[in-house]
Amino acid sequence: MTEHNPWSRRDFIQRGTVFASMASTVPVFLQQTAAGAATPLGALTSSIPGMAQDRIFVVVQLGGGNDGLNTIVPHGMDEYYRKRPSISISKPGTTDGALASGVRGAEGLGFNPAFSGFKSLMDDGRAAVIQGVGYPNPNRSHFSSMDIWHSGNPNGRSEGWLGRYFDNTCNGTPDPQAAVAIGSTSPLALIGRQTRAVSFEKPELYRWTGEDIDNDMKQAYRGVTGDPNKADDTLAFLRRTAMDAQISSSKVRQAASLAPLASFPGGNLSDQLRMVAAMIRADLPTRVYYVTLGGFDTHANQAGQHARLLQQVGDSLKAFSDDLKAQGNDGRVLTMVFSEFGRRVAQNGSGGTDHGTAAPLYLIGPMVKPGFFGRHPSLTDLDSGDLKYTTDFRQVYASVLEDWLKTDSAAVLHNRFQKLNVIA
Amino acid sequence: MPRPLEPLDPKDFGYWEAHHLLQRAGFGGSPEQVLTLTEMGLDGAVDHLLRWRSVPDPVADPGFKTDIMRPPTDEERQAYRMARRADNEAALEQARMRRQAAQREDRQQMATARDWWLTRMIETSRPLQEKMTLFWHGHFATGYRPVEDSWHMLKQNELFRNNATGDFKNVLVKGIIRDPAMIKYLNNNQNRRQAPNENLARELMELFTLGEGNGYTEDDIKEGARALTGFTFRDDDFVFNSRNHDSGTKSIFGHRGNHGADDFVELIFTRPTSSTWICWKLYRFFVDDAAASTEQSMAVVNEMGRQMQRARYTVDPVLEALFKSKHFYHPTRRGTMVKSPIQLVVQACRTMDLPARNVRRLNDACATMGQSLFSPPSVKGWDAGTAWINTSTLFTRQNTLVYLLTGREPGSNPWDGGGTLDHDMSRLVSHLPDIPRRDRPKDAATYLARFLLGTMPDDYRLNTWADLARGRDLDAATVTRLVAIITAAPEYQLC
């Protein structure tokens with residue numbers, strides 16, 4: 001470690017008495033480390049106290065409302081073909097027909113042929129589909145429904161569910177790299193009272209370029225943030241974020257630049273998952289990664305557009321999974337794929353589908369029990385044209401929290417939800 | 001408790017009040033511009049900003065093409081049909097290539113338009129007009145991707161610019177439901193009697209006029225969608241297609257009748273939140289991006305709403321009252337809003353008189369920071385305030401300033417010692433007679449910090465920054481170093 005950082009533990013200890021008042025300017029997680037001065041510096045990067053050892057959770061968000069019925073195709077239900085005369089995926093065995101699978105619970109269901117990457121994960125015993133996932137009184141606004149999913153709260157107004165998880169399990173002192181989101185904004189799901197995610201689009205610019213002017217500038221930059229405790233809400237937030245940025249900069253850049261071990265197909269989601277795989281391989285202390293792909297709001301002429309999206313999602317997930325397997329880390333990583341809602345059962349007059357309700361959700365990893373879980377919603381018993389959900393998404397959250405992240409789900413979700421028996 | 005929009009005493013309008021006004025109602029300005037505004041006094045300054053029509057507008061439009069994405073002519077359509085029937089692969093391929101070439105050209109024109117608008121904001125003499133154009137773009141958010149017609153996006157931009165502080169109800173809302181870009185964006189061209197599409201009806205109430213859940217039901221959306229059927233466009237113009245219009249009886253907010261689209265708008269504007277929702281958005285745009293609905297903020301917003309109703313939904317008088325109010329200038333509301341990426345870039349150029357460098361680069365940087373003009377993330381527009389900020393966007397913000405100051409592109413090779421500085425930053429301090437040039441670096445650091453941050457940083461940082469100038473002439477290189485570090489401070493993200 002040649003990098004000199006005034007907020008580093010070594011400096012903090014050396015200057016501890018002189019700068020007693022500056023204790024408050026040090027990010028909270030470093031203060032703790034300083035208190036246990038004998039802890040080797042490396043301890044900072046291996047694990048996070050209070051969190052399940054070495055377990056990683058990856059969230060893939062499909063923004064816009066993915067059409068679940070054309071992703072996992074209920075070809076055994078005649079109503080599907082009646083309600084979607086021109087945009088349905090034809091039965092298995094026909095041209096461009098759905099792909100049948102022998103996995104448990106797949107009778108009458110097939111995969112969109114473009115979703116073949118995901119199907120191969122299913123066939124390989126590395127993935128599960130939870131059917132009919134939604135919530136009561138569905139909200140058909142993209143933004144409100146996304147907020148509901150992110151917060152785990154029916155009115156959509158609170159911190160993010162994963163932010164609360166970090167707040168609860170880390171005694172309010174999360175590592176600034178505990179959560180990493182790829183993208184230009186940080187998703188609500190990762191925002192807690194104390195928790196914020198590191199997020200970026202391009203790792204090589206994840207640093208201040210003014211330090212290239214000369215070494216004096218580099219030094220001056222170390223102290224540029226000011227004291228977060230001597231500021232009002234917004235400025236305090238800016239100062240904390242600036243500190244988090246400085247601390248995580250070099251680690252993240254090195255990690256994300258590792259070459260992949262599998263062949264990624266290209267595209268936005270693929271690039272993001274490739275970086276996540278690299279960061280997992282570099283053993284960052286990150287426990288939650290968040291990636292997103294938009295464009296699923298298929299109101300018109302959806303067939304080609306939807307197929308292109310599914311192809312990228314399926315193939316990227318497959319490559320991601322293969323990379324993790326090659327690393328020997330696949331057993332540490334659970335991936336969840338969700339969208340804010342599905343789409344209406346009947347197609348609209350524009351060769352597309354309008355905002356709907358329940359839809360399948362996907363879990364990937366060797367710890368997942370392969371197959372289909374939950375009940376497929378009826379296509380005839382509808383709620384004003386929309387599916388009635390059969391599994392509450394918070395049941396999935398509870399399963400992830402309890403069975404994977406090994407934490408009390410009720411403390412995070414403010415309620416007890418019945419778990420699904422999907423994580424071994 | 002003071003009256004919600006109690007006017008500021010004109011005597012209390014000084015340099016820093018003018019500085020605040022110019023940042024919020026515009027994009028900030030050089031010390032000389034702030035001084036000019038100060039000398040106009042409160043009424044004069046606000047009038048100057050609001051009466052933008054009387055200020056000459058020197059930024060010319062580069063002459064955009066109107067028909068890159070024109071629909072095919074009847075002959076072309078027929079030729080295409082014949083080629084399909086005859087399975088004439090070569091002809092079909094040619095048509096496909098033509099279409100792709102047009103799309104490519106159109107994307108280029110959209111990028112040019114993006115640069116043109118950013119340049120306009122940097123150079124305009126009518127800052128409030130441009131700021132409000134940006135406001136409306138975020139309010140009636142429409143993205144180029146699904147619209148795929150740069151001319152339609154520009155026409156919409158012109159609607160916002162021409163009516164920047166004008167009539168919300170009769171011009172902007174009734175204009176937006178006739179706007180080809182919006183009609184395409186929210187699929188109203190596919191909203192037909194036989195197959196209604198609810199997208200525009202929903203967002204019209206949820207996002208544009210009433211606010212989510214404020215006094216309408218899912219049924220009102222369905223019925224409103226029927227009222228909007230047949231509102232579509234042909235080539236570049238709005239058309240009402242009566243064959244696709246549902247002329248049956250609809251019940252909207254309990255009012256039964258053969259409502260058309262304008263009736264639907266009129267009915268919306270009888271709802272209680274039709275004046276307060278837009279004022280809430282204006283309040284969060286101009287006064288407090290983190291505003292919660294507290295008693296105090298709601299009192300101001302409700303008073304703005306009353307003024308809006310009295311003015312029959314014209315925006316001017318509401319902004320006038322706001323920009324002249326004590327509430328607006330209260331110390332707790334200064335330097336408290338997070339600059340949007342556009343605000344960051346435009347304000348940096350305007351306050352320091354920086355060259356805009358490569359405007360395309362600046363737009364790319366804004367996109368990385370989360371704000372791409374003509375491409376808001378969704379119909380909801382941009383989430384402002386702290387949502388702009390995370391560790392990554394913070395680096396991009398700091399690095400964009402380094403680029404503006406030095407012309408060095410992020411990611412290029414290590415610095416060559418600062419010898420390439422092409423912009424004389426020393427002008428920022430050279431006009432100050434009482435800044436000693438060499439022996440008191442802390443004075444220079446203090447002045448620049450106050451000017452750029454609006455507040456005074458702590459002594460620890462001031463001393464560190466002064467060290468960067470110690471023993472050096474206050475020349476271009478030294479001032480650039482000082483400004484680079486000051487603009488990396490968290491306070492620089494606020495306005």
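Colleague: Where does T241(A) lie, and does it count as buried or exposed?
Modeller: T241(A) lies in helix α9 of chain A, where helices (H or I, at least four residues) and strands (E, at least two) are DSSP runs numbered from the N terminus. This is a predicted model, in which local features need pLDDT of at least 70 and side-chain atom pairs count only at pLDDT 80 or more, while totals for chains, interfaces and linings use all residues. Residues are numbered from 1 along each chain as its sequence is written, and chains are lettered from A and ligands numbered from 1 in the order in which they are written. A residue is buried if 20 or more other C-beta atoms, placed from the backbone, lie within 10 Å of its own, exposed if 12 or fewer, and partly exposed in between, so T241(A), with 25 C-beta neighbours inside 10 Å, counts as buried.

Colleague: How many Å separate the C-alpha atoms of T241(A) and A197(A)?
Modeller: Along the chain, T241(A) and A197(A) are 44 residues apart. In the model, the separation between their C-alpha atoms is 9.4 Å.

Colleague: Which element supplies the largest share of the side of chain A that touches chain B?
Modeller: The contact takes 48 residues from chain A and 52 residues from chain B, two residues being in contact if their C-beta atoms, placed from the backbone, lie within 7 Å. On the side of chain A, α6 (142–151), β6 (198–200), α8 (215–222) and α9 (233–256) each supply at least two residues. The largest share of that side, 11 residues, comes from α9(A).

Colleague: How many residues in the side of chain A that touches chain B are charged?
Modeller: For these classes, Ala, Val, Leu, Ile, Met, Phe, Trp, Tyr, Cys and Pro count as nonpolar, Asp, Glu, Lys and Arg as charged, and the others, Gly among them, as polar. On the side of chain A that touches chain B there are 18 nonpolar and 19 polar residues, while the number of charged residues is 11.

Colleague: Which residues does H150(A) touch, leaving out those up to four places away in sequence?
Modeller: H150(A) has its place in helix α6 of chain A, and it counts as buried, with 23 C-beta neighbours inside 10 Å. P187(A) is 37 residues away from H150(A) along the chain, yet their C-alpha atoms are separated by 7.8 Å. Not counting residues up to four places away, H150(A) touches G160(A), W161(A), P187(A), L188(A) and A189(A).

Colleague: How many of the 11 residues of helix α1 of chain B are buried?
Modeller: The buried residues of α1(B) pack against several helices of chain B, including α2 (31–50), α5 (127–139) and α13 (273–286). Among the buried residues of α1(B) are H19(B), L22(B) and A25(B). Helix α1 (residues 15–25) is largely enclosed by the rest of the structure, because the number of its 11 residues that are buried is 8.

Colleague: How do α22(B) and α23(B) run, roughly parallel or roughly antiparallel?
Modeller: The axes of α22 (residues 459–469) and α23 (residues 476–486) of chain B come within 9 Å and cross at roughly 155°, where axes are lines fitted to C-alpha atoms, for helices over the stretch in contact, and angles run from 0 to 180 degrees between N-to-C directions. Angles under 35 degrees count as roughly parallel, over 145 as roughly antiparallel, 65 to 115 as roughly perpendicular and the rest as oblique. That makes the relation of α22(B) to α23(B) roughly antiparallel.

Colleague: How do α4(B) and α7(B) run relative to each other?
Modeller: Helix α4 (residues 89–123) and helix α7 (residues 150–162) of chain B pack with their axes 9 Å apart, at an angle of about 25°. Residues including M110(B) and W117(B) in α4(B) meet residues of α7(B), among them M153(B) and L154(B). From that angle, α4(B) and α7(B) are therefore roughly parallel.
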